[in-house]
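Morning, everyone. Please look at the screen while I talk.

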Amino acid sequence: MRITITINGIDTEADIHGPDSLLDVLRDQLALPGSKNACEQGECGSCSVVLDGDVVCACLVMAADAAGSTVRTVEGYGDHEVLHPVQEALLDGGGVQCGFCTPGFVVAAAELFDANPTPTSEEIREALAGNVCRCTGYGAILRGLEDLAARNAGDVP
Amino acid sequence: MTYTEQIREVIGGIGTSADRPDGIPKVQGNFAYSSDLSAHGMLWGATLRSPHAHARITRLDIAPALRINGVHAVLTYDDVPGVKTFGMIESDQPVLSDGTVRYWGEPVAIVAAEDPHAASRAAAAIGVEYEQLEPLVEPEAAEHRGELFRRLEIRSGDQDLRGDVVVEGFYETGMQDQAPLGPESGLAIPDGEGGVDLYVATQWSHEDRRQIAASLGVREDQARVHLSGIGGAFGAREDVSLQIHLCLLALHTGRPVKMVYSRTESFVGHVHRHPSMMWYRHEAARDGTLIRVEAKLLLDGGAYTSSSPAVIANAAYFAVGPYRCESVAIDGVMVRTNNPPCGAMRGFGAVQACFGYESQMDRLAAALEMDPLELRLHNALGPGDAMPTTLQHIEGSLPTRRVIEQLRDMPIPPDAGASHPLHLPGGTGLTTQPHHTLRGVGYAVSLKNLMFSEAFDDFTEVRLILTPVGVEVETAAAEVGQGLVTVCQQIVRSVLKMQHVAVMFVDTSTVGSAGSTSASRQTQMTGGAVHLAATELRGQILTEYQGDDLDERGVWREGELIMTLDEVCERGPTTHHVQFRHPPTEGPDEHGHGHLHVDFSIAAHRAVVDVDPELGLVHVVRVDTVQDVGKVLNPRALVGQIEGGIMQGVGLAVMEELILDRGVVRNANFTDYLLPTFADAPEVMAEFVEEPSHFG
């Protein structure tokens, strides 16, 4: 079955097989391996993408159901010259170690800050509670994003 | 000829929170992990695993699998051309089942096919019949039957000494999974001449190479192991998982073969933290002086050896903790069962023992009506003392008192989030209310060895290359996320005063072994090798150009700048290669005594925990710590390591455990094996004690 998905602003065609998930299609067919395959049952958030405005786990979305939709993956944040503020914040805070969870955190945090540029610590924790990080213990991720929220509020640290 | 001084500051040296060189590709999603690799003409591998914890294979028919379209190979025990077993310490684990399966998930056959779906179908189509055997799953029964990987009987001091106050306790810890987010994965590419290049996420590529070459029956230079991007490790990648399988399939088919474990397969594809049972008896004088510790530590090694002999040694040697004690009797027993194999995980045996001895210290303090910290300070082990178990003399620093006192003096900050349901036991489900919870504050101190012990010849090699743009560091050390790549850059910058340092993770044929990324060793070992190489290279440059000093401006002679560093880079000398060893250790005598460890590190923790005693719900509010870290090379990376380690410790304490039912893992997935999330993360405040090691 041939489907079209608008991925990171580009209309993209893919040939899909029955059981393929959106994650399979992104990673194996469309050369977008940034979305990660860590649990493949929607528990860890490593494959977080934005599907028609909602953050979802791409591993839980049937590729066929994504036909005609708009998808933004980690590759759609920032560009070669300038990082997205959330990407900068994760690096500044030290929130990147092995980095396998990082693409999911970038997507989920960017959507949080898009909706609310000055989230509280609790709002950050709650919004990112679906993303598992095994390296950092979350402290460095939180500090980086708290600093970004403070900058957005005009409290330059 | 005179030079104009170029003022250029070298940033990102030792002691700064230098940025990770791999940070930007990681936040962009461009960093290539082992599961992201592909090659032209690539096949996909899959593994058929045992559904039983203990069984004899009575029929194995691969013909149905071979008939599936797109299948290129189905390999079993007979297809392993070389040594049919593997293992880091003992080669006792069959590459593919030898006719008996000894744990749930043991590999029976491997398949290569055109796509992953065909590979999975083929693995499922293999006809296997099993005669089920009774699994041995109880550690005490295994000990009774003499199924032992290792038994240590440590006896120190006068065995008849007795204290006035006695406390006894029995403690258990569960089987924990490292759960690195990156699944086991790799790509093997045959070279057409009987050799193979394997790109894989591993903690020790040269050790993989040794085991791969043996099982393939090829020379070690024909099995080249390349480090691929590694999505966490925590011990899970120290043993071979799919490495030999991938190389077998690639050599058999003549095609590149990729394999990626699913999460469930990952849970059975690597070793776990040993579950433990610990019986303790502490005896003290009325003033709190620890007189005698008796303990038995029984750890379940599972079906194959892995690193179990070293893990039980650690548990036993550190079974008293960082305390002086005149009389010690510790039995450490590691048994073989039909449970999943256990091996390396962060802390490596020291974690289990710490739960036992620190629980005992709290019990002892209560029995003595003494402050728990005062009891620990009263008995604190320090420089000049001997380890109570091994009797090894403590060389250099061991700031037990200092970490305890500094932690005691850290204020407990007000609990800013106490009113938010996210911070309640049970979380936003509002299972409980603040007035139903009680708050407890507890302390624990932990002691662990650094680097490999018991006479292991532990070394690391690096090569430094001056290039026209700066310095390249060639190493086979595994960067698993901890930040070794940054530390190597920082060391070179500080010694050679050059800004541009590129760390190249090269394959096993390009540079010698860096040893394992484990045992708290790479910063000191590979970092030490880089420091040695950079220092010697600096000396060579000064000799070559008859200079007497080198800084970021260039080479100086008698107060005059004679050459810029750019010119040095262009003219060479070009390469410098070093091998770095730590001071030797020795094996234990029959009482468990000897100079067994290179060095030690100590840490004190304070946990603030809210509990709903009626519902049994627990929330760890904050964990503060003071840690003995040597010299701080990168404060931000260090805090990241400490916070990550604490989170895994909290996970073990309150939620993580692999549940076994007659050897079968019942929760081998992230839905049922609970990992700490942002909602579980305590506030952490970390302080460091910087005291130099007695070497390096």
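Ground rules. This is a predicted model, where local features need pLDDT of at least 70, side-chain atom pairs count only at pLDDT 80 or more, and totals for chains, interfaces and linings use all residues. Residues are numbered from 1 along each chain as its sequence is written, and chains are lettered from A and ligands numbered from 1 in the order in which they are written.

Chain A. It has 5 helices and 5 strands. Those are DSSP runs, numbered from the N terminus: helices are H or I with at least four residues, strands are E with at least two. From the N terminus, the order is β-β-α-β-β-β-α-α-α-α. The C-alpha atoms fill a box of roughly 50 × 30 × 25 Å along the principal axes. The radius of gyration, taken over C-alpha atoms, is compared with 2.2 Å times the number of residues to the power 0.38. For 157 residues, a compact globule would be near 15 Å; chain A has 16 Å, which agrees. Buried residues make up 58% of the chain. Buried means 20 or more other C-beta atoms within 10 Å of the residue's own, with C-beta atoms placed from the backbone.

Now the helix pair. The axes of α2 (residues 85–93) and α5 (residues 139–152) of chain A come within 7 Å and cross at roughly 130°. Axes are lines fitted to C-alpha atoms over the stretch in contact, and angles run from 0 to 180 degrees between N-to-C directions. So α2(A) and α5(A) are oblique to each other. Oblique is what remains after under 35 degrees (roughly parallel), over 145 (roughly antiparallel) and 65 to 115 (roughly perpendicular). Who meets whom? In α2(A), the residues include A:Val86 and A:Leu90; in α5(A), they include A:Ile141 and A:Leu148. By class, the contact has 8 nonpolar, 2 polar and 3 charged residues. Nonpolar is Ala, Val, Leu, Ile, Met, Phe, Trp, Tyr, Cys and Pro; charged is Asp, Glu, Lys and Arg; the others, Gly among them, are polar.

Next, the interface. 47 residues of chain B are in contact with 40 residues of chain A. Contact means C-beta atoms, placed from the backbone, within 7 Å. On chain B's side, α15(B) gives the largest share, 8 residues. That side has 21 nonpolar, 19 polar and 7 charged residues.

Last stop: B:Met175. Buried or exposed? B:Met175 is buried, with 22 other C-beta atoms within 10 Å. B:Met175 sits in the loop between β10 (165–173) and β11 (185–190) of chain B.

Methods: Two residues are in contact if their C-beta atoms, placed from the backbone, lie within 7 Å. A residue is buried if 20 or more other C-beta atoms lie within 10 Å of its own, exposed if 12 or fewer, and partly exposed in between; C-beta atoms are placed from the backbone.
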